Amino acid sequence: MSLELLGGRILAPYFGSGIYVWGSIITIFMLSLSIGYLLGGRLSVHNPSSSRFAAIFAVAAVLLLPLTIYAQGIMEFIFLRVEDPRYGSLVTSIVLFGLPTVILGMISPYSVRLLVDNVAESGRVAGSLYFVSTLGSAIGTLMTSFYFVLWFEVNTIIILLIGCLALLAALAFTADRIFAK
Amino acid sequence: MSIRLLLLLLLFLTPHASAEADKYGVLHEERSLYTRILVHQNKDLLCLKFTLVRSDSNQSCKDLAQPKRMVFSYAQMSMAALLFNPNPDRILIVGLGGGTLPMALRELTPDAVIDTVEIDPAVIRVATDYFGYRTDAQNLIFTEDARVFGKRAKIKGQRYDLIILDAFNGDYIPEHLMTVEYLQEMRDLLTPDGTLVANTFSSSNLYHHESNSYRQVFGDFINYRRQDTGNRVILIPQAQRNSDTRTPLSEELLLDRARALEADLRPYDVPIVRIAADVAIAAGAKPDWNLRKRPLSDQYSPANLLRKR
């Protein structure tokens with residue numbers, strides 16, 4: 001959600017802050033998350049492990065990195081080729097946010113697989129996960145829009161997000177090693 | 001109860017606003033994609049508002065008894081632009097409001113081509129229906145975001161002799177229209193001797209951040225404030241040049257030009273001679289804001305959060 005909010009900021013210089021810009025961003029986030037859920041579920045079937053789980057975080061972190069470096073160039077490229085700001089912002093959202101959001105979407109279903117030990121408690125585990133992830137989204141939204149934008153630059157916030165993902169990847173990886181022994 | 005009695009009662013209960021509507025009240029109200037639009041009349045004063053809560057939310061007002069009169073000081077102050085170049089060929093206005101500025105400039109500079117950018121189609125409709133805004137071959141409207149318009153105009157090689165930044169929403173200026181990158185884009189759209197005018201307010205903490213953003217892009221500028229209002233109009237003649245290579249403007253020159261404009265501006269109630277004297281003083285003044293406050297950029301633009309700090 002933090003990323004989604006920043007998306008509005010990132011796109012505004014090239015495509016304005018019209019309602020269609022938010023329409024593009026939300027559409028692409030929803031679409032990417034849905035694909036991510038599907039892929040995460042598929043992936044969880046084959047040899048699920050915390051190391052693989054860690055890899056999802058790591059890949060998401062790496063895929064977010066270009067956003068801080070190439071966003072300007074990419075937006076300029078699209079701006080010059082797509083005249084209509086509606087489709088311009090839609091294409092930009094796909095290119096900038098599509099892939100990292102797909103990967104982020106894989107986390108939830110994969111977590112379910114790792115945390116569920118038996119069918120009887122699967123509902124409870126899934127409920128807890130939805131609780132944590134949606135609560136996290138709410139906190140991310142609030143902190144980003146109320147405070148982070150006041151304290152940091154947009155790129156600094158994205159680097160913080162990348163840092164968090166990398167840290168979680170490291171934690172999950174280490175946990176796997178410890179428990180494997 | 002008979003039908004007749006019921007009708008009589010209904011008539012009695014109907015607010016007699018209909019008889020008063022031409023003198024006082026809300027004539028039009030709509031929720032657009034961007035803001036809430038209200039057209040409010042108080043005696044002869046017809047005003048466009050974007051919110052109802054605050055009393056200072058008037059975007060534009062028209063005096064029906066004297067339709068040309070510029071009701072707001074900021075509009076009068078913006079006319080100072082004509083002191084630097086009385087005959088601009090191409091004018092860009094960002095933000096339509098009630099259309100006061102484009103309509104006045106259309107008459108004052110009849111040879112100029114005026115491009116006005118307004119994001120909200122509802123504002124354009126209301127300006128046309130209630131405030132007499134009219135487009136023609138030399139007075140054009142573009143329903144677009146100003147950032148998008150500016151970038152496209154630059155690619156097309158468009159240049160303007162005068163740019164007036166006057167985009168407001170119900171809150172203040174949209175955040176992406178206050179950043180140094182945006183100001184640089186506007187600067188790139190000016191002819192070498194072109195003037196930039198920006199209508200802002202001096203009444204919040206944002207004043208410092210905003211002033212430093214203009215300073216970063218344009219160097220020194222004329223910070224035109226009036227004691228009686230919270231309006232602050234930024235005037236930058238020859239805005240494309242570095243501030244130390246701009247031609248100095250003497251008070252005599254400004255006053256001479258003001259006297260030449262005086263008759264034309266009288267119907268608009270613009271005290272241009274007094275404005276010229278004020279501008280001459282403002283041109284020599286030192287910055288009165290905190291120079292250490294951070295300029296706003298596309299990376300850092302929590303503009304409307306900074307207002308109250």
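Which strand of chain B does B:S60 lie in? B:S60 sits in β4, residues 58-63 of chain B, where strands (E, at least two residues) and helices (H or I, at least four) are DSSP runs numbered from the N terminus. Before going on, some housekeeping: this is a predicted model, in which local features need pLDDT of at least 70 and side-chain atom pairs count only at pLDDT 80 or more, while totals for chains, interfaces and linings use all residues. Residues are numbered from 1 along each chain as its sequence is written, and chains are lettered from A and ligands numbered from 1 in the order in which they are written.

Back to B:S60. It counts as buried because 27 C-beta neighbours lie inside 10 Å; the cut-offs are 20 or more other C-beta atoms within 10 Å for buried, 12 or fewer for exposed, and partly exposed in between, with C-beta atoms placed from the backbone. Leaving out neighbours within four places in sequence, B:S60 is in contact (C-beta atoms, placed from the backbone, within 7 Å) with B:C47, B:L48, B:G97, B:G98, B:T100 and B:F131. B:L96 is 36 residues from B:S60 in sequence, and their C-alpha atoms are 9.4 Å apart.

Now for the nonpolar cores, meaning sets of buried Ala, Val, Leu, Ile, Met, Phe, Trp, Tyr and Cys residues joined through C-beta atoms within 7 Å. The largest has 110 residues, and B:A80, B:I163, B:V197, B:L235 and B:V279 have the most contacts inside it. Its largest share, 12 residues, comes from helix α3 (residues 50-81) of chain A. B:L96 turns up again in a second, separate core of 16 residues, which also includes B:L46, B:C61 and B:V126.

Over in chain A, helix α1 (residues 2-15) and helix α4 (residues 85-115) have axes that come within 11 Å and cross at roughly 135 degrees. Axes here are lines fitted to C-alpha atoms, for helices over the stretch in contact, with angles running from 0 to 180 degrees between N-to-C directions. That makes α1(A) oblique to α4(A), since angles under 35 degrees count as roughly parallel, over 145 as roughly antiparallel, 65 to 115 as roughly perpendicular and the rest as oblique. On the α1(A) side, A:L3, A:G7, A:L11 and A:F15 meet α4(A) residues that include A:P85, A:G88 and A:F97.

Finally, the two chains touch: 15 residues of chain A and 14 of chain B make up the contact. On the chain B side, helix α7 (residues 146-155) gives the most, with three residues.
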